[in-house]
Amino acid sequence: MASPILRARGLARTYPSGAGPVHALRGVDLDVASGDFLAILGVSGSGKSTLLHCLGLIERPDAGELALEGQTTSTANERQLSLWRNTRIGFVFQSFHLVPELSALENVLLPAMIRTSPLAWPGASGPARSRAEALLERMGLSQRAGHRPPQLSGGERQRVALARALIHQPALLLADEPTGNLDTESGEGIIRLLEGMAREGTAVVVVTHNEALGRRARRAVRMKDGLLSEGA
Ligand SMILES: Nc1ncnc2c1ncn2[C@@H]1O[C@H](COP(=O)(O)OP(=O)(O)OP(=O)(O)O)[C@@H](O)[C@H]1O
Ligand SMILES: [Mg+2]
């Protein structure tokens, strides 16, 4: 495999709960290279979202090693983690996490605003806005750019969340069920977009129940009870 952009060894994550601890991840090893297109399959509750959150530096694993572009993340401080999240990683949450008060366009622009200092924003806003508009157009949402998330359908919100994850041209895209709310035709558009991104060198990791997406990924792994096995 080409040099991995992401390398995980023995990732473990346990959640406390009233009914006893839930072992969501029980020692996951995974390598993802630039240009890779990996699908993570598995039944509900098997730990897929937990794994994606750990890989995206959103949750810290309780044990194990994780390296992004050769740099260990387990010992990094919050500031470094947020820099990686804002520059190297694009994340699409299963439940989107759009800001309801902002328009679709503003939601897409948000990561670009967060990582630009207010002083530099006047110079940066033009190009960022053009890029956000182009992404919304690519998602077939030009006519919805001014709508706020509560005014959008589930599938439209999903596409806004994907556009937001792509605004900073991430080296690694992590998407939790990116076609979960889409009809076959819109889903096909997203699959083609993900394939194109992988061809251009982005490492693409999707969690999915979508069989078409699972087949089109370059490789698939299956999650079961917090453990990964190769092959669908
Ligand atoms: N914050 C939390 N607190 C306690 N338990 C949790 C928490 N988040 C997840 N879990 C538990 O961890 C396990 C794995 O959850 P996870 O969300 O990773 O599953 P999943 O494979 O993404 O499922 P789905 O396909 O339904 O999205 C589940 O048993 C879930 O109940
Ligand atoms: Mg999930």
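Tutor: With a helix pair. The axes of helix α4 (residues 121–138) and helix α5 (residues 154–166) come within 9 Å and cross at roughly 140°. This is a predicted model: local features need pLDDT of at least 70, side-chain atom pairs count only at pLDDT 80 or more, and totals for chains, interfaces and linings use all residues. Residues are numbered from 1 along each chain as its sequence is written, and side-chain values use heavy atoms, without hydrogens and water.

Student: What does the angle make α4 relative to α5?

Tutor: Angles under 35 degrees count as roughly parallel, over 145 as roughly antiparallel, 65 to 115 as roughly perpendicular and the rest as oblique. So α4 is oblique to α5.

Student: Which residues make the contact?

Tutor: Contact means heavy atoms within 4.5 Å. R131, L135 and L136 of α4 meet V160, A163 and L166 of α5. By class, that contact has five nonpolar, no polar and one charged residues.

Student: How do α5 and helix α6 (residues 184–199) cross?

Tutor: Their axes come within 12 Å, at roughly 10°. That makes α5 roughly parallel to α6. From α5, R159, L162 and L166 touch I190, L193 and M197 of α6.

Student: Which residues come nearest to ligand 1?

Tutor: Near means a heavy atom within 4 Å. Of the 13 residues around ligand 1, the nearest are S44, G45, K48, S49 and T50.

Student: How far is an oxygen atom of ligand 1 from the side chain of K48?

Tutor: An N or O atom of that K48 side chain is 2.7 Å from the ligand oxygen. For S49, a polar side-chain atom lies 2.9 Å from an oxygen atom of ligand 1. For T50, the corresponding value is 2.6 Å.

Technical notes
Chains are lettered from A and ligands numbered from 1 in the order in which they are written. Axes are lines fitted to C-alpha atoms, for helices over the stretch in contact, and angles run from 0 to 180 degrees between N-to-C directions. Helices (H or I, at least four residues) and strands (E, at least two) are DSSP runs, numbered from the N terminus. Ala, Val, Leu, Ile, Met, Phe, Trp, Tyr, Cys and Pro count as nonpolar, Asp, Glu, Lys and Arg as charged, and the others, Gly among them, as polar. A polar contact is a pair of N or O atoms within 3.5 Å; within protein, one must be able to donate a hydrogen and the other to accept it, and residues adjacent in sequence count only if both atoms are side-chain atoms.
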